[in-house]
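Keep the viewer open as you read.

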Amino acid sequence: MPTSSSPLATSTPIEPAVAALLRVMEDTWNASDMDAMFAVATPDIHWVNVVGMHWQGHAAVKQAHVVFFDLMFRGVPLKLEAVEHVKALPGGLRLLVVRWLLGAYKTPSGVPRPPSQNRMSILAVPGPDGLLISHVANIEVNPHAARHNPV
């Protein structure tokens, strides 16, 4: 598995299992290695992508990523910008809120998209060798709206 050279961007210590999962997500994205990326996913994973598509189950989630990597994300860099929140839940679950920097790409219809920030909520569950991805909701940060955030 590739290893990331970028440190986790956070002001609070992140437990090793959380850090390891996020590094796998970043490294496997940047390597365009969907087999390795989804080796750390549960069989019943749910994934809501940045434009609201909802994929359910390991095979469907992985296949959607393979298709979109072939269409537009291969070679598009992803960098972990910040771990904004980690909440320990009963049973060893972890609820994460992280922020990623995604490089520029073209949509399937050919529309250029500039680099962007994405905020992702991840539900991670304990697995035999560390945390596994069980649920993801990925949201592109709208910089125009962010300027008007009241808190």
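Begin with Asp 70, which counts as exposed because its relative accessibility is 52%. Please keep in mind that this is a predicted model. Asp 70 forms a salt bridge with Arg 74, and the closest N and O atoms of the two are 2.6 Å apart. Arg 74 has a relative accessibility of 49%, so this residue counts as partly exposed; the cut-off for exposed is over 50%. In general, side chains of opposite charge can pair when their charged atoms come close.

The structure holds 7 salt bridges. Another of them brings together the side chains of Asp 35 and Lys 62, at 2.4 Å from N to O. Asp 35 sits in helix H2 and Lys 62 in helix H3, so this pair ties together parts that are 27 residues apart in sequence. Asp 35 is exposed, with a relative accessible area of 53%, while Lys 62 is partly exposed at 23%.

Now turn to the strands. The side chains of Glu 84 and Arg 119 meet in a salt bridge, 2.6 Å from N to O. This pair links distant parts of the chain, with Glu 84 in strand S3 and Arg 119 in strand S7, 35 residues apart. Glu 84 counts as partly exposed at 31% relative accessibility, and Arg 119 counts as partly exposed at 33%.

Leaving aside residues within four places in sequence, Asn 138 is in contact with Val 48, Asn 49, Val 50, Asn 118, Arg 119 and Met 120. Why does Asn 138 count as buried? Its relative accessibility is 12%, and buried means under 20%.

Next come the aromatic rings. A search of the whole structure finds 6 aromatic pairs. One of them is formed by Trp 29 and Phe 73, a tilted pair with 5.2 Å centre to centre and 55° between the planes. This pair links distant parts of the chain: Trp 29 belongs to helix H1 and Phe 73 to helix H3, 44 residues apart. Trp 29 counts as buried because its relative accessibility is 11%, and Phe 73 counts as buried at 11%. Phe 73 also pairs with Phe 69: the ring centres are 6.0 Å apart and the planes are at 55°, so this pair is tilted. Phe 69 and Phe 73 are 4 residues apart in helix H3, so about one helical turn separates them. Phe 69 is buried too. Together with Tyr 105, the residues Trp 29, Phe 69 and Phe 73 form one aromatic cluster.

In soluble globular proteins, nonpolar side chains tend to be buried together.

One last stop is the loop between H1 and H2, where you will find Ser 32. Phi of Ser 32 is near 55°, a positive value in a residue other than glycine. Ser 32 counts as buried, at 17% relative accessibility.

Methods: Residues are numbered from 1 along each chain as its sequence is written. This is a predicted model: local features need pLDDT of at least 70, side-chain atom pairs count only at pLDDT 80 or more; totals for chains, interfaces and linings use all residues. Side-chain values use heavy atoms; hydrogens and water are left out. Rings of Phe, Tyr and Trp (its six-membered ring) pair if their centres lie within 6.5 Å; planes under 30 degrees apart count as stacked, over 60 as edge-to-face and the rest as tilted. Helices (H or I, at least four residues) and strands (E, at least two) are DSSP runs, numbered from the N terminus. Buried means under 20% relative accessible area, exposed over 50%, partly exposed in between (1.4 Å probe, protein chains only). Contact means heavy atoms within 4.5 Å. A salt bridge is a side-chain nitrogen of Lys or Arg within 4 Å of a carboxyl oxygen of Asp or Glu.
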